[in-house]
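Biologist: I want to learn how to read chain interfaces. Please take me through them step by step.

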Number of protein chains: 4
Amino acid sequence: MIRILVTGGTFDKEYNELAGSLAFKATHLPEMLRLGRCRLDVTIETLMMIDSLDMRDADRARIVLACRAAGESRLVVTHGTDTMVETARALAAGAPGKTIVLTGAMIPYAFGSSDGLFNLGSALSFAQVLPPGVYVAMNGQYFTWDRVRKNRETGVFERVDTSA
Amino acid sequence: MIRILVTGGTFDKEYNELAGSLAFKATHLPEMLRLGRCRLDVTIETLMMIDSLDMRDADRARIVLACRAAGESRLVVTHGTDTMVETARALAAGAPGKTIVLTGAMIPYAFGSSDGLFNLGSALSFAQVLPPGVYVAMNGQYFTWDRVRKNRETGVFERVDTSA
Amino acid sequence: MIRILVTGGTFDKEYNELAGSLAFKATHLPEMLRLGRCRLDVTIETLMMIDSLDMRDADRARIVLACRAAGESRLVVTHGTDTMVETARALAAGAPGKTIVLTGAMIPYAFGSSDGLFNLGSALSFAQVLPPGVYVAMNGQYFTWDRVRKNRETGVFERVDTSA
Amino acid sequence: MIRILVTGGTFDKEYNELAGSLAFKATHLPEMLRLGRCRLDVTIETLMMIDSLDMRDADRARIVLACRAAGESRLVVTHGTDTMVETARALAAGAPGKTIVLTGAMIPYAFGSSDGLFNLGSALSFAQVLPPGVYVAMNGQYFTWDRVRKNRETGVFERVDTSA
């Protein structure tokens, strides 16, 4: 059993045709799991629907609490990419003993060309087999929370050496 | 480093607009990896482009040989779903000591509603973390080669108990 | 008011994931009109769901009859491209005095890369402004029924000179 | 022969994945015509790539001038929907004697669910058959420039009676 915690991010952004801008409505997770013909025993819980640049400490505390409170020991957290690593750090400190995989998308799922479905398949798979810990799954790869950063210029997540 | 062996299957079927039927052209794997913004060190090798119902023993022998000959110890094989389990069995017998993950799709990638991108993200992730063995990755799950079958009526892969 | 008569064709072909082949289910016309945000007063009537290569004289007679029986003087007929011109000829002989526009698609609408939505927008527009007669609307163009053929090698509809 | 004048608008908005916002790059018109298998003799000219809310009098003057200068007597102008009617008015005053059809989209073409392809098929068709004048083609319908407004609440173009 896996719990998916939804927090928003590019993943779930939609085009609001009356305002002519991007906005959040409901999460696309159920539709994505249907498209992927996913047969995992999954529970989806929407915690918030926000841009990760707007995420405050109180929001992160809520995510940590939800992970701790979850009956499942394996979780996937969908999250905006800009501060994903920051939330991963908060989870490593506050929700030990579980396998928690954060993932997101560079392009909204509602766009035809999104990386969201690929990332979701990847995150759910890593969540099933990795040992307890907090991970970021992006670009087909996984990173432990303390060895990753988002390169803002390329939009790619990359490994960092923390021993230095 | 991961090697992806392409054998065809629904994954790569396209609509041939002059003939009005489904057909194979080149594999969509490079495009799919680009869409998924995959940053893994991946080599793609097209072995054949056939429907898995048309796959003969000689074709399976070729797949086994390619897995054995590969320098990589982690491989993903894209394959039609109908005889995927049969090829998994051949690989278990003939290509030991490597992590080999077979995957496919129920809907061609070229269709908007394909499960292919989800499955590819899933297979590449399992291939990175599972111990040596032969696996089928479909529906967000992984199965060892000797404990899975495709349910032809539902189109879903399901676990079978082989101890009976 | 426009009546849309649905007869099947590539337009409405879907991928049957259990059989692994193309098949007809319900028409995509309502979904397409929704996507196009069409506000025309349109009635959709499904006459048959067949490949136009399988269309017999009795089928064409039914289409002619439906056009004649319609209260609307402007109609769009969705049709497989292979014998679209043949049905246009039958309509010219059997359903005079109305503006009838036949259209179709080279790629099924259910595929991401279909020309169907473009053709539907085109056909509905021509149907509103052309004088009574039978027309084929494909490739952004319109042709009177007796001056068009489908080039089987290129998949393109082209004008023919009938004065010769 | 038809000339397409590109001015931007929702039609051509893209998702900028590094900035996480909507932006203009190159026009999608060539790709859309290819998808629609359009065989019309069309010339595409990009005048500007802006949101129609940002359009100034000088921009409208440029569009009017381009329509007047065009060798073609039939033109399609892609345009943001918010001030499309305003530009139509300017064209009616400044570029008489030609058939000019303005069109746009409520959802960017780069999104899977865009009405753009439908509208383009529609606008190109109306441009071929309507007499000289300035028209708006949206929602499958056409309106003369002085009898249309965009309903901001519903996002739909509707006929207005100007005789009052």
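Modeller: Start with a term. A polar contact is a pair of N or O atoms within 3.5 Å; within protein, one must be able to donate a hydrogen and the other to accept it, and residues adjacent in sequence count only if both atoms are side-chain atoms. Between chain D and chain C the count is eight residue pairs in polar contact, both at pLDDT 80 or more.

Biologist: What should I know about the source and the numbering?

Modeller: This is a predicted model: local features need pLDDT of at least 70, side-chain atom pairs count only at pLDDT 80 or more, and totals for chains, interfaces and linings use all residues. Residues are numbered from 1 along each chain as its sequence is written, chains are lettered from A and ligands numbered from 1 in the order in which they are written, and side-chain values use heavy atoms, with hydrogens and water left out.

Biologist: How many residues does the contact take from chain D and from chain C?

Modeller: Contact means heavy atoms within 4.5 Å. Chain D gives 28 residues and chain C gives 28 residues.

Biologist: What area is buried between chain D and chain C?

Modeller: Buried area is the accessible area (1.4 Å probe) that two parts lose on being put together, summed over both. Here it is about 2400 Å², with 67% from carbon and sulfur atoms. In chain D, Arg37(D), Arg39(D) and Phe118(D) lose the most area to chain C, together 27% of what that side buries.

Biologist: How many salt bridges are counted between chain D and chain C?

Modeller: A salt bridge is a side-chain nitrogen of Lys or Arg within 4 Å of a carboxyl oxygen of Asp or Glu. The count between chain D and chain C is zero.

Biologist: How are chain D and chain C related?

Modeller: Two copies of a chain are related by a rotation about an axis and a shift along it. Superposition is by least squares on the C-alpha atoms of residues with pLDDT of at least 70 in both. A rotation of 180° with 0.0 Å of shift along its axis puts chain D on chain C (RMSD 0.0 Å). That is the relation of a two-fold axis. Also, 100% of the interface residues of chain D are interface residues in chain C, so the copies meet through the same surface.

Biologist: And what of chain B against chain C?

Modeller: That contact takes 18 residues from chain B and 18 residues from chain C. The buried area is about 1500 Å², and carbon and sulfur atoms give 62% of it.
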